[in-house]
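The following exercises concern the structure shown below. Each task is followed by a solution in steps.

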Amino acid sequence: MRLRAGFCTGSLGSMQTLTVSPLSCVGGISLGSARSRVHEGLGFPESSYRKLPSALHETDGWCGGSIQVFYAGASPTVEYIELSRAPDIDALLFGVSVFATPAADLVALLAPKCQFQVEEAGTLY
């Protein structure tokens, strides 16, 4: 895990860039990692909550909720990671800024590298 506790509090003094590796990791947070391992890399979450009453595990959030990690399995492991725009965070997908690029362009960038289905009506890519 490349991130350090305090990375989104400004304590590192600069913009943090997270590299997105589809179907693998975001900024060193790997899919399938144990929740304890995520906490080692990011520090204790700012918030933890159940998105649904039926959720097995809490979702953890950092950077005012700009990074959210969701867990699955009997022992919580990373199922997926959500990022949203924040002043001190940028995300790069194949070297392209995620937050500065239209979604359609990101989908076109992913298309030759990953298999997925685009659903326009539900805005799910």
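The secondary structure of the chain comprises two helices and nine strands, where helices (H or I, at least four residues) and strands (E, at least two) are DSSP runs numbered from the N terminus. The model is predicted: local features need pLDDT of at least 70, side-chain atom pairs count only at pLDDT 80 or more, and totals for chains, interfaces and linings use all residues. Residues are numbered from 1 along each chain as its sequence is written, and side-chain values use heavy atoms, with hydrogens and water left out.

**Exercise 1.** Determine the order of the strands in the open sheet and identify its edge strands.

*Solution.* 
Step 1. Two strands are taken to pair if DSSP finds at least two bridges between them.
Step 2. Five strands then form an open sheet with the order 3-2-1-8-9, and the pairing is mixed.
Step 3. Strand 3 (29–30) and strand 9 each pair on one side only, and are the edge strands.
Step 4. Strands 8 and 9 are antiparallel, paired over two bridges; Leu 92 stands opposite Ser 97 in strand 9.

**Exercise 2.** Find the aromatic pair in the structure and classify its geometry.

*Solution.* 
Step 1. Rings of Phe, Tyr and Trp (its six-membered ring) pair if their centres lie within 6.5 Å; planes under 30 degrees apart count as stacked, over 60 as edge-to-face and the rest as tilted.
Step 2. The ring centres of Phe 70 and Tyr 80 are 4.1 Å apart and the planes lie at 10 degrees, so the pair is stacked.
Step 3. Phe 70 belongs to strand 6 and Tyr 80 to strand 7, 10 residues apart.
Step 4. Phe 70 is buried, at 4% relative accessible area, whereas Tyr 80 is partly exposed at 37%.

Conventions
Buried < 20%, exposed > 50% of the residue type's maximum accessible area, 1.4 Å probe, protein only.
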